[in-house]
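Q: Could you walk me through this one? I'd like to go over the surface before anything else.
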Amino acid sequence: PEGALEVTEVAVLSVDGMPAVLGTLRSVVSGWAIEPLGGGELVLLSAVPARLHAAEDEVLWVAGPATEGALAVRSFAVLEGWR
């Protein structure tokens, strides 16, 4: 429609001052990781809450401190309808 805004790319850089990443949740040999939407290397996750496990293959953002080569999940949200 006329005057519509088309978004072709979006990024989440931080949430409440913590580093964040937007992507697809993947199960990996070492646990859990996010495959960034814009491409790039998997971001390994630590301290993944059990309630997040059901979101495998869903698009979400996670935020938390970077510790020992992984992002420790402190906050997250699943983005309904994203692929």
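Q: Which residues make the nonpolar surface patch here, and what is its area?
A: In this predicted model, Leu 5, Val 7 and Val 10 together make a nonpolar surface patch of about 330 Å².

Q: Where is Leu 5 found, and why does Leu 5 count as exposed?
A: Leu 5 is found in the segment before β1, the strand that covers 14–15, and Leu 5 counts as exposed because its relative accessibility is 76%, where the cut-off for exposed is over 50%.

Q: Switching to pockets, how much space lies in the largest one, and which residues lie nearest its centre?
A: The largest pocket holds about 180 Å³ of space, and of the 11 residues that line it, those nearest its centre are Val 10, Ala 11, Leu 22, Leu 37 and Gly 38.

Q: How does that lining divide into nonpolar, polar and charged?
A: Nine residues of the lining are nonpolar, while one is polar and one is charged.

Q: What about Leu 44, which strand does it lie in?
A: Leu 44 lies in strand β4, which spans residues 43–46, and it is partly exposed, because its relative accessible area is 36% and that value falls between the 20% and 50% cut-offs.

Conventions. Residues numbered from 1 in each chain as written. Predicted model: local features only at pLDDT ≥ 70, side-chain atom pairs only at ≥ 80, totals over all residues. Heavy atoms only, no water. 1 Å grid on protein atoms, 1.4 Å probe; cavity = no way out; pocket = protein on both sides within 12 Å on 5 of 7 lines; lining within 4 Å. Points joined across faces, edges and corners; volume = space filled by probe spheres on them. Nonpolar A, V, L, I, M, F, W, Y, C, P; charged D, E, K, R; others polar. Patch = residues over 30% accessible without salt bridge, like charges linked within 9 Å, V, L, I, M, F, W, Y side chains within 5 Å. Areas by Shrake-Rupley, 256 points an atom, 1.4 Å probe, with all protein chains shown as cover. Salt bridge = Lys/Arg side-chain N within 4 Å of Asp/Glu carboxyl O. Helix = DSSP H or I, 4+ residues; strand = E, 2+ residues; numbered from the N terminus. Buried < 20%, exposed > 50% of the residue type's maximum accessible area, 1.4 Å probe, protein only.
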